[in-house]
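Dear colleague,

Please find below the structure that I am handing over to you, together with its sequence. My findings follow directly after it.

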Amino acid sequence: MNTEQRQQLIAHAFSTHFGATPTLWCRAPGRVDLMGSHTDYNLGYVMTMTVDRDTWMAARPRADRLVRIASLNLPGGSEFSLDDIQPANNPEMRWTDYIRGVAKVLQDAGHPLAGFDGLIHSTIPLGSGLSSSAALEMVTAIVFQQVSDFRLDAVQMARLGQQAENQFVGVSCGILDQYSSALGRAGAALLLDCRDLTSRDVPVHPTIGVVICDTKAERQLVGTEYADRRRQCEEGVRVLQQRQPEIRSLRDVPVEVFERYKQHLPAVVAKRCQFIIEENTRVLELKDALPRGDKQKLHHLFHASYVGARDLYEIAVPAMEAMLNAMLEGPGVIAARQAGAGFGGCMVALVEAQFVQHFVPYVTQAYTGKTGVQPSIYSVAAVDGAGLLNR
Ligand code: GLA
């Protein structure tokens with residue numbers, strides 16, 4: 001489906017649903033991390049990249065304080081009043097909590113909001129680790145700014161989205177997903193510093209293709225695994241702080257310092273901390289290897305990241321191991337690792353650009369052969385962050 005066809009489809013559904021034509025078109029992309037698993041809430045570094053899969057919202061301002069929402073991806077519709085923003089009572093409408101949450105934090109931050117009718121269409125696979133939730137939050141924030149006539153800078157918008165997810169939806173995520181969706185840049189990865197919330201472009205060498213390998217294994221981030229990891233890292237920081245008070249996050253801990261003090265940490269906490277500390281180092285090494293297209297180095301960094309994620313951070317599941325093996329056998333493969341929070345979902349490969357067309361069917365078949373599950377494999381390119389559709 002090209003842009004025009006997509007726009008037509010949405011406009012048609014909008015008029016069926018709301019009996020009018022949309023006057024505003026906004027979009028926000030998904031993202032994939034090329035390095036830096038779980039480093040964001042440890043105030044470290046991530047190499048992130050937007051993907052050319054995005055969430056669109058066609059909207060029309062309303063004269064009252066009602067927000068009415070429907071989606072082409074999920075059944076039903078939902079509405080709420082800006083005077084009393086509550087989570088959806090119908091479990092099937094829980095996805096609208098991302099929209100409700102953004103409305104709530106924007107209002108609490110002092111922005112007077114106007115109501116709107118909005119119709120959503122997304123090409124980001126839902127709940128697979130490519131930040132469909134953050135894209136929904138960011139597109140909602142763009143729509144609210146347009147219909148209510150105020151402007152946020154993109155970093156502020158990302159922070160408010162994270163706050164909505166932490167406080168309203170109840171997922172203790174870091175800033176990575178919202179930041180990437182809001183500040184992504186066409187044609188480049190971003191090296192994100194999660195402490196000062198700055199980033200810089202890091203071009204991927206033109207001979208390298210980025211390929212998403214979706215295991216299609218179920219993942220559920222609201223479960224305890226994510227929050228447990230976060231707590232374990234915080235415990236590590238508390239213990240290390242007793243030895244070196246200037247340590248404020250795992251970002252401040254050089255490998256040598258960690259080696260010196262790790263025996264004071266509970267074994268599982270030490271494993272979690274070791275992964276984060278090493279992963280931060282890998283992100284910084286990737287910053288040089290990615291634009292240079294240093295294939296050996298890329299392979300080594302990605303592999304070390306996966307092994308650490310599996311053995312130290314323990315976020316791998318059998319489907320990911322099966323996918324990794326399929327990816328590593330694929331024609332033209334340079335490097336392969338996990339993506340997102342882990343526990344299934346998407347993984348990411350760097351592939352010689354000229355071999356991508358052979359890599360995709362090969363890995364699809366190999367993974368299906370190993371697991372009996374049909375994966376979804378496709379190449380992606382970086383696009384601009386959230387904004388108006390035709391800016
Ligand atoms: C999820 C979270 C992010 C980040 C990643 C892991 O995507 O939403 O904040 O922690 O997992 O890197």
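**The ligand and its surroundings**

The shell of residues around the ligand is made up of 4 nonpolar, 5 polar and 3 charged residues. Please note that this is a predicted model. The shell consists of Arg 31, Gly 36, Ser 37, His 38, Asp 40, Tyr 41, Cys 173, Gly 174, Asp 177, Tyr 226, Gly 340 and Ala 341. The ligand is located in the largest pocket.

- Gly 174 places a polar backbone atom 2.8 Å from an oxygen atom of the ligand.
- Asp 177 has a polar side-chain atom 2.6 Å from an oxygen atom of the ligand.
- Tyr 226 contributes an N or O atom of its side chain, 2.6 Å from an oxygen atom of the ligand.

On its own the ligand would expose 310 Å², and the protein buries 98% of that area.

Most residues other than glycine have a negative phi.

Phe 343 has a phi near 55° and belongs to the loop between β9 (333–338) and β10 (346–352). Phe 343 is buried because its relative accessible area is 17%, which is under the 20% limit.

With kind regards

Terms used. Residues are numbered from 1 along each chain as its sequence is written. This is a predicted model: local features need pLDDT of at least 70, side-chain atom pairs count only at pLDDT 80 or more; totals for chains, interfaces and linings use all residues. Side-chain values use heavy atoms; hydrogens and water are left out. Helices (H or I, at least four residues) and strands (E, at least two) are DSSP runs, numbered from the N terminus. Buried means under 20% relative accessible area, exposed over 50%, partly exposed in between (1.4 Å probe, protein chains only). A residue is near a molecule or strand if one of its heavy atoms lies within 4 Å of it. A polar contact is a pair of N or O atoms within 3.5 Å; within protein, one must be able to donate a hydrogen and the other to accept it, and residues adjacent in sequence count only if both atoms are side-chain atoms. Accessible areas come from the Shrake-Rupley method with a 1.4 Å probe; for residues, only the protein chains shown count as cover. On a 1 Å grid over the protein atoms alone, a cavity is a set of points where a 1.4 Å probe fits but cannot get out, and a pocket is an open set with protein on both sides within 12 Å along at least five of seven lines; lining residues have an atom within 4 Å of a point. A molecule sits in a cavity or pocket if more than half of its atoms lie within 2 Å of its grid points. Ala, Val, Leu, Ile, Met, Phe, Trp, Tyr, Cys and Pro count as nonpolar, Asp, Glu, Lys and Arg as charged, and the others, Gly among them, as polar.
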